[in-house]
Amino acid sequence: MQAVQLKSFGTTDQLYIGEYPDPSISDREVLIKVKAFALNRADLLQRQGKYPPPPGESEILGLEVAGEIIAIGEKVTNYHIGDRVFTLVGGGGYAQLVKSQENMLMHIPQQMAYHEAAGIAETFLTAWQTLVWHSRIKKDDKVLIHAGASGVGIAAIQIAKFFGARIAISASAGKHAVCRSYGAEICIDYRKESFEEVIKREWGGVDIVVDFIGEPYFNKNLNVLSVDGKMIILGLMGGIMSEINLIRLLSKRITIIGSTLRSRTEEYKAQLTADFKTNFLPSFTTGKSKVHIDSLLPWSAIKTAHDRMEANLNTGKIIMTID
Ligand SMILES: NC(=O)c1ccc[n+]([C@@H]2O[C@H](COP(=O)([O-])OP(=O)(O)OC[C@H]3O[C@@H](n4cnc5c(N)ncnc54)[C@H](OP(=O)(O)O)[C@@H]3O)[C@@H](O)[C@H]2O)c1
């Protein structure tokens, strides 16, 4: 097969498409002919050599794909050759062929194109895990989502809206209109305004903060959280070290959860997928939810795609198609 590979770790100049051995499948796995895959921020870190794949996973980049099943293992029961599926993978998505565990697969809803389905798994499962499993989100909760126009951010806005929560986001000003269109009530331009001041002025506080920034936001997040509030840390794009005033943590009974998805056990990811499939996936069929596509490119443009994400130019998902 052909796959996107790296000459060595580093800049986007290191990316190239070339021959790579086909994956082989075990009893409970299927082989997918990839029609589309999506970029994730983690791919940039892996390309730079800062985020190695978990043990046993492919060294090829790519965490989410959509395509057609072309082979199945002997113990696969619910999926068949020819099925249109999308899935979260631990690696290997930037390729013509990828393998997936059966219990991680989801059928693509009938009217949905491969390229849209390719953008669901990583971002929506992360957001589902964050808001539903970690935060126990409920109607009228006030949620602050940083990097609100990121792939995960837009997914989180839609899931929060689904539960009837009230949503504030921080993002570059040019990305606010998109966030508003999905249900964000307060949009904060973090380059010009303090999110702490805006939240205190408009709402007094929030019940949940979804954070990807880390160091520069940590204490401000504590300040805007209400009593019994939760902070879920998913990324550290702004830095990794922080001093903490423990009085604020104690007196407001704040819960802080750091979370990942890729390194979870297969069983955990399968349960998360099953929960999402039952409770949220149907909202794509009714048109209530959708993948916000920033750009749709042929996979030969992988360098352009990585450059775009690295420059923070995307709003939502960058999707690559394979002929
Ligand atoms: N822990 C997990 O389970 C998990 C799973 C998936 C993803 N993630 C993390 O989630 C984050 C988003 O991933 P993604 O693929 O959705 O990203 P993405 O689509 O590339 O969006 C990232 C956006 O974050 C904003 N940003 C970047 N650096 C920033 C900074 N220092 N301060 C404030 N905003 C900044 C930029 O938007 P603006 O123009 O608005 O600044 C940028 O476009 C990443 O940190 C990723 O590693 C975590």
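Three helices, α1 (41–47), α3 (121–134) and α4 (151–162), each supply at least two residues of the shell around the ligand, where helices (H or I, at least four residues) and strands (E, at least two) are DSSP runs numbered from the N terminus. The model is a predicted one, in which local features need pLDDT of at least 70 and side-chain atom pairs count only at pLDDT 80 or more, while totals for chains, interfaces and linings use all residues. Residues are numbered from 1 along each chain as its sequence is written.

**Ligand shell**
- The ligand is surrounded by 27 residues, of which the closest are Arg41, Ser150, Gly151, Ser172 and Gly235; a residue is near a molecule if its C-beta atom, placed from the backbone, lies within 6 Å of it.
- Helix α3 gives the largest share of this shell, 3 residues.
- Domain 1 (2–120 + 262–321) and domain 2 (123–258) each contribute at least three residues to the shell, the domain bounds coming from an automatic or database domain assignment.
- By class the shell holds 12 nonpolar, 12 polar and 3 charged residues, with Ala, Val, Leu, Ile, Met, Phe, Trp, Tyr, Cys and Pro counted as nonpolar, Asp, Glu, Lys and Arg as charged, and the others, Gly among them, as polar.

**Nonpolar core**
- The largest nonpolar core has 96 residues, and those with the most contacts inside it include Phe86, Ala118 and Ala156; such a core is a set of buried Ala, Val, Leu, Ile, Met, Phe, Trp, Tyr and Cys residues joined through C-beta atoms within 7 Å.
- Both domain 1 and domain 2 give residues to this core, so it lies between them.
- Apart from its neighbours within four places in sequence, Ala156 is in contact (C-beta atoms, placed from the backbone, within 7 Å) with Ala127, Thr130, Leu131, Ile145 and Val210.

**Strand β15**
- Strand β15 pairs (at least two DSSP bridges) with β3 (residues 29–38) in the antiparallel sense over 3 bridges, and Phe37 has Met320 as its bridge partner in β15.
- With β14 (residues 293–298), β15 pairs in the parallel sense over 5 bridges, and Ile293 stands opposite Lys317.

**Positive phi values**
- Asp140, in the loop between α3 and β8 (142–145), has a phi near 70° and counts as exposed because it has 9 C-beta neighbours inside 10 Å.
- Ala147, in the loop between β8 and α4, has a phi near 45° and is buried, with 26 other C-beta atoms within 10 Å.

How values were computed:
Buried ≥ 20, exposed ≤ 12 C-beta atoms within 10 Å, placed from the backbone. Contact = placed C-beta atoms within 7 Å.
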